[in-house]
Amino acid sequence: MNALSPPIQLDRERCKGCLLCLDVCPNDLIVMDNRPNLQGHFPVALVHADYCVQCRHCVDICPDQAFSLPRSAGLNWPGWVFHLSRGWHARKQP
Ligand code: SF4
Ligand code: SF4
């Protein structure tokens with residue numbers, strides 16, 4: 001991780017592809033990855049991790065500690081703006 005990396009990190013080599021985390025992200029940042037890892041599992045991937053709201057749902061649900069997020073990570077405003085804007089657009093759908 002460098003200074004510009006988002007605090008949430010996914011270690012795809014720890015992932016066993018159980019997909020428990022797929023539905024817990026409020027911003028739908030977790031998707032299936034069709035490239036196997038070195039263990040032969042098809043892991044998940046993080047997309048647009050800079051929009052992570054740092055809720056820790058993925059960290060808490062993963063049985064294999066594939067996600068990491070420092071306890072010191074505070075609010076991530078771009079992630080919350082994205083989240084609120086998605087909710088607003090969803091409510092505008094007929
Ligand atoms: S910490 Fe929350 S917002 Fe960030 S990737 Fe995990 S579930 Fe999504
Ligand atoms: S919960 Fe953990 S092991 Fe399961 S798919 Fe998600 S990252 Fe992989």
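The model is a predicted one. In total, the secondary structure amounts to two helices and four strands. Viewed along the principal axes, the C-alpha atoms occupy a box of roughly 45 × 35 × 20 Å. Of the 94 residues in the protein chain, 20% are buried. Among contacts with a separation of 6 or more, 65% join residues 24 or more positions apart.

**Ligand 1**

Select ligand 1 next, together with the residues around it. Which of the 14 residues around ligand 1 come nearest? They are Cys 25, Cys 52, Cys 55, His 57 and Cys 58. Colouring this shell by class gives 10 nonpolar residues, three polar and one charged.

**Ligand 2**

Move to ligand 2, which has 13 residues around it. Here Cys 15, Cys 18, Cys 21, Cys 62 and Ala 66 come nearest. The shell of ligand 2 comprises 10 nonpolar residues, one polar and two charged.

**The nonpolar core**

In soluble globular proteins, nonpolar side chains tend to be buried together. To inspect the largest nonpolar core here, which has 16 residues, select Leu 29, Ile 30, Cys 58 and Phe 67, the members with the most contacts inside it. Cys 58 also belongs to the residues that come nearest to ligand 1. Then centre on Leu 29: beyond its neighbours within four places in sequence, Leu 29 is in contact with Leu 46, Val 47, His 48, Ala 49, Tyr 51 and Cys 52.

**Gln 54**

Now select Gln 54, in the loop that runs between strand 3 (44-46) and helix 1 (57-61). Is Gln 54 buried or partly exposed? Gln 54 has 17 other C-beta atoms within 10 Å and is therefore partly exposed, since a buried residue would need 20 or more and an exposed one 12 or fewer. Apart from neighbours within four places in sequence, Gln 54 contacts Pro 7, Ile 8, Leu 69, Ala 73, Asn 76 and Gly 79. A distance drawn from its C-alpha atom to that of Gly 74, 20 residues away along the chain, reads 7.5 Å.

**Helix 2**

Finish with helix 2, residues 77-92. Its 16 residues should span 22 Å at 1.5 Å a residue, and the end C-alpha atoms are 23 Å apart, which agrees. Helix 2 is hardly covered, as the count of buried residues among its 16 is one.

How values were computed
Residues are numbered from 1 along each chain as its sequence is written. Chains are lettered from A and ligands numbered from 1 in the order in which they are written. This is a predicted model: local features need pLDDT of at least 70, side-chain atom pairs count only at pLDDT 80 or more; totals for chains, interfaces and linings use all residues. The expected span of a helix is 1.5 Å times one less than its number of residues. Two residues are in contact if their C-beta atoms, placed from the backbone, lie within 7 Å. A residue is near a molecule or strand if its C-beta atom, placed from the backbone, lies within 6 Å of it. Ala, Val, Leu, Ile, Met, Phe, Trp, Tyr, Cys and Pro count as nonpolar, Asp, Glu, Lys and Arg as charged, and the others, Gly among them, as polar. A nonpolar core is a set of buried Ala, Val, Leu, Ile, Met, Phe, Trp, Tyr and Cys residues joined through C-beta atoms within 7 Å.
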